[in-house]
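Good morning, and thank you for coming.

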Amino acid sequence: MEQHEITEILNRPYSQELLARDLTRLAYVATDGTPRTVPIAFTWNGAQIVLCTTRNAPKLAALRRNPQVALTIDTEVHPPKILLLRGHAELDDVDGIPEEYLQMNGSYQMSAEQRVEWEAEVRSLYEGMVRIVITPTWVKLIDFETTLPSAVEELVRQRAERQNA
């Protein structure tokens, strides 16, 4: 997929709405060769998806072995809005707490006092974290208005051909 196609899809209003959400599902291949999908908080910086995790997270060994990932960001209403992304994960070990981690968890409703307590707890627990930075190499927006899953698009095309025959 060409970069201009990726940019065009990610700039659509529904894509921007989905990229502003706080949870994605990260799919990767575990070290035993089996697939894994985990929900994880994320933030979008305008060009990349950024995830943060503990330095001892099992997914890191898997991502070092095979950095190819897929992400799903979706809604829980009908019709669903779904943003599918694929990309390559780059791992960035950082001392302290990445700003993105504080940002992505800042969307949860907390009082100012709760926020101070939460941040103090986080800073006392983590000496450092790993930023997982994913630059999209393929994207698809499914909004059930202008775009459909590819299998459904194929059925629509086949129906039109039958009706026009």
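D74 has I82, in strand 6, as its bridge partner. This is a predicted model, in which local features need pLDDT of at least 70 and side-chain atom pairs count only at pLDDT 80 or more, while totals for chains, interfaces and linings use all residues. Residues are numbered from 1 along each chain as its sequence is written, and side-chain values use heavy atoms, leaving out hydrogens and water.

Strand 5 (residues 68-74) and strand 6 (residues 82-95) run antiparallel, joined by seven bridges. Strands here are DSSP runs of E, at least two residues long, and helices are runs of H or I, at least four, numbered from the N terminus. Two strands pair if DSSP finds at least two bridges between them. Strand 6 is also joined to strand 7 (residues 128-142), again antiparallel, by 14 bridges; there, L84 has K140 as its partner.

What lies in the loop between strand 5 and strand 6? P80 does. P80 counts as partly exposed because its relative accessibility is 21%; buried means under 20%, exposed over 50%, and partly exposed in between, with a 1.4 Å probe and protein chains only. P80 touches T75, I142, D143 and F144, leaving aside residues up to four places away in sequence; contact means heavy atoms within 4.5 Å. P80 and F144 are 64 residues apart in sequence, yet 7.4 Å apart in space, C-alpha to C-alpha.
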